[in-house]
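Reader: Please give me a close look at a single part of this structure and describe how that part relates to its surroundings.

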Amino acid sequence: MSRKRQVFLIITVSFAFFLQFSVMPHFKLLGCQPDLLLVVAIVVAVQEDPITGAIVGFCGGFLQDLISHQVLGVSALTKALAVFISGMLKELFMTYSMFLPAILVLLGSILEVCFHEVTLLMLGQGKVPPLRFAAFVLPTSLYNVLAAFVIYPLMRVFSFPVREERLIVRRTDSTG
Amino acid sequence: MPVKPSKVRRNRFVLIVIVIVCIALITLYVRESDSGPIHKIQNFFVDAVSPIASLLGKIFKPIKDGFVNLWHLPTLSREKMELEKEVADLRRQSLERKELEEEVTDLKNLLNWSQQSEYETVGANIVGQSPDNWQRLMIIDRGSSSGVKKYMSVVTEEGLVGRVISVGSNSSIVQLLTDSRSAIGGRCVESRETGILEGCNSETVRFVPMNEEAVIKVGDTIETSGLGGTCPAGIAVGKVVKVKPRPRGLPRLIEVKPFVKISRLDRVLVIIVPEPESVILKEAQ
């Protein structure tokens, strides 16, 4: 990953973090708000590789834990795991269309919410009733998918491919 | 493209490190007290990022408001109707309250006057006024059932209003002192000269002194003299606003502006004791 790309990812995660807790609470639909940090991390996992996405997810989750005054490390753990698994699932799909990140975001979101609730339950802090939880997972995940349709193209514009990648793309274009 | 084994190993290693770090953080956090270092870091972090979040909140406020409005669009028109109705209700309540306040003030003034005065009175509401320009009358909601009799004086705390000229069981007609047919005995307080107060269907009444040479000046106060036998003596009537000599031996034109603002009256008092004892009444009896 290029230096530019690293800087871009740091700025993106920071920006998504600030948006997440200052603006997104006002964009609630059916009582749910999109999880921008998770979407950004999954998009990174799609564009780069699962482990980079997991690191981004870890950082985003860590920031989220710091600000939300919940047990430090829970969001970091669940986001990192969910993003990593979503990134691994990418290999199963033989498509690179716009719908790939959307599907992965949907799966990743469901996984993340489930991991999160299970972790909190294990820590004795899970308070959401099962029915409420079921009604909460799907809207949140679909909202994240909507967010992915905005975030993925934006992040693609700033992908900053390294020289070798650009050369490969050019050679593929000339031969193909 | 197949992933290199070294890269797979590196990925696994990084993931394990992440998981271990997270579990360590969770353990430390759960085990420490609320005043522990991790909690302190959390507090410090919140303090540090709050200004930036506030700034971002301000920047994105138009978008945020737009979204909120969009989401609430279906309910906005209903809310608008409800609010309009509420505003109308509140406006009506405010008017009613103002009216009640005025009524209370009037009643307090009337009560004070009736307590201070030597006369026995009965309060009445004005329920109607003369419908044409040829007379100055008003209808009150008290009649013979309340002890009201013909020729009784009608007053407010400001002064004389007129006399009762017709009595029903629950309503009466009052002839205002400005009515052209009204004639009440009056006296100038300053010069003690007596005369007759005649209405002329205008805002003022005319004072005709018995003695044409009497000293009457602008600003003098006129009260009832009690000589007519209908109105008790000493009820304030008004102030002299014009004294105009007339040629060829005609009496002076002395205009008196009543203290009572007749157009603004809502409630009055009828003096029921002492009863009127005019010659006309005695003759009638």
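Author: Of the 285 residues of chain B, 22% count as buried, a residue being buried if 20 or more other C-beta atoms, placed from the backbone, lie within 10 Å of its own, exposed if 12 or fewer, and partly exposed in between. The model is a predicted one, in which local features need pLDDT of at least 70 and side-chain atom pairs count only at pLDDT 80 or more, while totals for chains, interfaces and linings use all residues. Residues are numbered from 1 along each chain as its sequence is written, and chains are lettered from A and ligands numbered from 1 in the order in which they are written.

The secondary structure of chain B comes to four helices and 12 strands; helices (H or I, at least four residues) and strands (E, at least two) are DSSP runs, numbered from the N terminus.

The buried residues of H1(B) are B:Ile18, B:Cys22 and B:Ile26. These buried residues pack against H3 and H4 of chain A.

As for the two chains together, 23 residues of chain A are in contact with 23 residues of chain B, contact meaning that the C-beta atoms of two residues, placed from the backbone, lie within 7 Å. On the side of chain A that touches chain B, the largest share, six residues, comes from H3(A).
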